[in-house]
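Please consider the structure shown below together with its sequence.

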Amino acid sequence: MRILAISGSLRDQSTNSRLLRAAQLVAPSDIAIDVYGELGALPHFNPDLDEDAPPAIVGRLRDAVGAADALMICSPEYAHGVPGTLKNALDWLVASREMPGKVVALVNASGRSTHAHAQLAETLRTMATNVLSFTIALDGRRIDEHAMAADADIATALQNVFAEIARAQNDYSTRA
């Protein structure tokens with residue numbers, strides 16, 4: 001299984017980005033996790049730019065989503081909302097053929113950040129995805145991805161995310 005991981009934070013050392021890199025470290029051998037790295041470089045969404053052919057960077061995003069069996073999104077909350085760069089990426093994907101039916105695991109790294117998580121779930125359901133919701137409450141713990149991967153509770157929680165993604169993917173495949 002191939003999972004495209006997207007951090008809603010542009011900070012390389014954000015808790016959300018570290019958690020996705022920890023997921024790479026603890027993923028079973030039959031799961032490949034690719035971390036998307038061009039979020040901040042995407043142009044502002046403009047339907048006029050998407051009429052004939054989208055900008056190349058948007059095409060790469062859509063190709064990455066299309067090649068993935070599932071998505072894993074981990075995002076901070078800014079002023080009770082979704083970071084603009086993440087919402088922008090989703091806007092580029094709204095009318096694309098890659099999203100409908102896709103399993104999307106929303107992983108919340110903070111038990112206190114509930115507004116953005118709920119907004120992301122609503123946006124993704126509107127995009128006809130199969131949303132799975134998880135909280136791995138790190139709440140201010142300043143540890144890197146290696147320490148997260150070595151922490152039995154965090155590693156187990158990530159393993160549970162993988163198991164639920166596989167279950168949802170299998171359920172979808174069985175129905176299709």
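**Leu132 and its surroundings**

Apart from neighbours within four places in sequence, Leu132 is in contact with Val103, Val104, Ala105, Leu106, Glu164, Ile165, Arg167 and Ala168, where contact means heavy atoms within 4.5 Å. The model is a predicted one, in which local features need pLDDT of at least 70 and side-chain atom pairs count only at pLDDT 80 or more, while totals for chains, interfaces and linings use all residues. Residues are numbered from 1 along each chain as its sequence is written, and side-chain values use heavy atoms, with hydrogens and water left out.

Leu132 lies in strand β5; strands (E, at least two residues) and helices (H or I, at least four residues) are DSSP runs numbered from the N terminus. With a relative accessibility of 10%, Leu132 counts as buried, a term that means under 20% relative accessible area, with exposed over 50% and partly exposed in between (1.4 Å probe, protein chains only). One of its contacts, Glu164, is 32 residues away from Leu132 in sequence, and the C-alpha atoms of the two are 7.8 Å apart in space.

The sheet comes next. An open sheet is formed by 5 strands in the order β2-β1-β3-β4-β5, with parallel pairing; two strands pair if DSSP finds at least two bridges between them. Its edge strands are β2 (32–35) and β5, each of which pairs on one side only. On average, neighbouring strands of this sheet are turned by 25 degrees against each other, direction ignored; the axes are lines fitted to C-alpha atoms, for helices over the stretch in contact, and angles run from 0 to 180 degrees between N-to-C directions.

Strand β1 (residues 2–7) runs parallel to β2 and is joined to it by 4 bridges. Arg2 has Ala32 in β2 as its bridge partner, and Ile3 stands opposite Ile33 in β2. Strand β1 is mostly covered, with 5 of its 6 residues buried.

Which strands and helix do the buried residues of α2 pack against? They pack against β1, β3 and α3. These buried residues are Ile57, Val58, Gly59, Leu61, Arg62 and Val65. Helix α2 (residues 56–67) has 12 residues and reaches 16 Å from its first C-alpha to its last, close to the 16 Å expected at 1.5 Å a residue; the expected span is 1.5 Å times one less than the number of residues.

Helix α4 (residues 115–126) also has 12 residues, which should span 16 Å at 1.5 Å a residue, and the 17 Å between its end C-alpha atoms agrees with this. In α4, the residues Ala116, His117, Leu120, Ala121 and Leu124 are buried. Seen down the helix axis, the buried residues of α4 fall within an arc of 135 degrees, so they line one face of the helix; the arc is that of the directions from the helix axis to the C-beta atoms. The buried residues of α4 pack against β3 (70–74), α3 (84–93), β4 (103–108) and β5 (130–135). Ala128, whose phi is positive, near 65 degrees, follows α4.

Finally, Arg21 is placed in helix α1 (residues 15–26). Arg21 is buried, with a relative accessible area of 19%. Not counting residues up to four places away in sequence, Arg21 touches Asp12, Gln13 and Glu145. The side chain of Arg21 reaches the backbone oxygen of Asp12 at 2.9 Å.

Technical notes
A polar contact is a pair of N or O atoms within 3.5 Å; within protein, one must be able to donate a hydrogen and the other to accept it, and residues adjacent in sequence count only if both atoms are side-chain atoms.
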